[in-house]
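Here's a quick briefing to read alongside the model. Have the viewer open, and we'll go topic by topic.

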Amino acid sequence: MADETTELFEKAVRLHSRRLLAIARAVVGYRASPEDVVQQAVLNLFEHRERYDWREPGGLLRRAVVNEALRILRKPKMSVVEEEQVPGGAMPDAAMQNREMVTHVRAAIDKLPEHFRSALVLCEYENLSYADIAKTLDASVPQVKTWIFRARRQLAEMLQPYYQADRVK
Amino acid sequence: MYPVADHDLELLEAYLDDALSDQELSALRDRLAVEPSLMAALRMLRDERSSRQVFFQSIDPTPAEVDELVFDIRHAAERKRWWQDHRRLTRWASAVAACLVMGVAGAFVYHSWDKTPLRKNGETPLANVNPTNTVSAPTRYAVEVTDDAGNVMAVQHFDNESEANDFRRDLRLMQQRHRQANHTMTIMNNEF
């Protein structure tokens, strides 16, 4: 029984790590190591692995990672993780433009309140329904709708100059 | 900024999130067909969304990063499992060790209490000094005066140990002199 659980756990980790790491990256940004967030969240689940149903662990893992990320963000002091530098050299125009866009969007997303950011990531990266987002964030569906709507509006305001310049091009 | 009101924006976002019911969807499509401002707003929202998608694609980890993470998690989980397995054994060992320590400590305390001061120096063939304890009174000492056969002839009580020992010593000296005197007289009798 215990071996079966461990086996299912390992399978779940292999299957979901990529998306969990992306969620952690989007939620914690540069304020903590996303790898540490995922590892800690997953190990917390592993410690009490017998309690959970590992046959469909996607929601469980996602919830654990988001909660761990929010917990880390609520800590008073945090070390800033250095942004990885892409090796220099000539970049194609499209790639350069994309990189510029990513930098702007990332900076704007980092400025959002934690819950807005988490809800937006789960909605637009994970493509979860409002109900699933509400379950993951332990909130009501109307609350989640509001968070996502406000997050989008705040992002639009922050990125307005960039969008205008882009539209002019 | 947008050519439509907030509630229409919300409706359009829900449409892009695929969160509208069939009825709502049908109504919105009808409006989009006749309201150019609503269509313009939808295009703007789509543009914003695509720029966010570029960001979300950028945070997608590479296979090497995922492999490294899975490797780290597996090792950490193995360590945790090893520790969980051995924690039970450690608990048992700690309990046994605690029992042993308590047993040794208990035996030590028991033997310490058992040794009263006068027991070791109070035994003589002719005079024994024994403490007599009562709950309310302080400790008293008794010296037994015995004959040669060991029968108790009298008991003298003292308030402290030194007085009892002094009495016992004096009594012993007196008895020794008495014995020597009897022995001398016997020799003299043999000569005459």
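Is D138(A) buried or exposed? With 10 other C-beta atoms within 10 Å, D138(A) comes out as exposed. Keep in mind that this is a predicted model. Here's the rest, grouped by topic.

**Chain A at a glance**

- Chain A has eight helices and zero strands, so the pattern along its sequence reads α-α-α-α-α-α-α-α.
- Of the 169 residues in chain A, 37% are buried.
- Take the chain A contacts with a separation of 6 or more: 72% of them are between residues 24 or more positions apart.

**Chain B at a glance**

- Chain B comes to six helices and three strands, and from the N terminus on they run α-α-α-α-α-β-β-β-α.
- Buried residues make up 10% of the 192 residues in chain B.
- For chain B contacts between residues at least 6 apart in sequence, 38% join residues at least 24 apart.

**Where the chains meet**

- The contact draws on 32 residues from chain A and 25 residues from chain B.
- On the side of chain A that touches chain B, the elements giving two or more residues are α1 (2-28), α2 (34-47), α4 (93-111), α5 (114-124), α7 (141-158) and α8 (160-168) of chain A.
- The top contributor to that side is α1(A), with nine residues.
- By residue type, that side of chain A splits into 18 nonpolar, five polar and nine charged.

**The nonpolar core**

- The largest nonpolar core has 52 residues, and the ones with the most contacts inside it are I23(A), A24(A), V65(A) and A119(A).
- Elements giving two or more residues to this core are α1, α2, α3 (58-74), α4, α5, α6 and α7 of chain A, together with α4 (63-114) of chain B.
- Again α1(A) gives the most, this time with eleven residues.
- What does V65(A) touch, not counting residues up to four places away in sequence? The list is L20(A), I23(A), A24(A), V37(A), V38(A) and A41(A).

**Helix α5 of chain A**

- Nine of the eleven residues of α5(A) are buried, so this helix is largely enclosed by the rest of the structure.
- The buried ones are F116(A), R117(A), S118(A), A119(A), L120(A), V121(A), L122(A), C123(A) and E124(A).
- A119(A) is worth a click, as it's also one of the residues with the most contacts inside the largest nonpolar core.

- Helix α6 (residues 130-137) of chain A packs against α7(A) at an angle of about 100°, with the axes 8 Å apart.
- That makes α6(A) and α7(A) roughly perpendicular to each other.
- From α6(A), the contact uses Y130(A), A131(A), I133(A), A134(A) and L137(A), while α7(A) supplies V141(A), V144(A) and K145(A).
- The residues of this contact divide into seven nonpolar, no polar and one charged.
- The loop between α6 and α7 of chain A is where you'll find D138(A), the exposed residue from the opening question.
- Phi of D138(A) is near 55°, a positive value in a residue other than glycine.

**Helix α3 of chain B**

- Helix α3 (residues 36-58) of chain B has 23 residues and reaches 33 Å from its first C-alpha to its last, close to the 33 Å expected at 1.5 Å a residue.
- Its buried residues are A41(B), L42(B), S51(B), R52(B) and F55(B).
- R49(B) lies in this helix as well, and it counts as partly exposed, with 14 C-beta neighbours inside 10 Å.
- R49(B) and L16(B) are 33 residues apart in sequence, yet 9.2 Å apart in space, C-alpha to C-alpha.

**A positive phi in chain B**

- Which loop holds D18(B)? D18(B) is in the one between α1 (6-16) and α2 (22-34) of chain B.
- Although D18(B) is not a glycine, it has a positive phi of about 60°.
- D18(B) is exposed, with 9 other C-beta atoms within 10 Å.

Key. Residues numbered from 1 in each chain as written. Chains lettered and ligands numbered in written order. Predicted model: local features only at pLDDT ≥ 70, side-chain atom pairs only at ≥ 80, totals over all residues. Contact = placed C-beta atoms within 7 Å. Helix = DSSP H or I, 4+ residues; strand = E, 2+ residues; numbered from the N terminus. Nonpolar A, V, L, I, M, F, W, Y, C, P; charged D, E, K, R; others polar. Buried ≥ 20, exposed ≤ 12 C-beta atoms within 10 Å, placed from the backbone. Expected span 1.5 Å × (residues − 1). Axes fitted to C-alpha atoms, helices over the stretch in contact; angles between N-to-C directions. Parallel < 35°, antiparallel > 145°, perpendicular 65-115°, else oblique. Core = buried A, V, L, I, M, F, W, Y, C linked by C-beta atoms within 7 Å.
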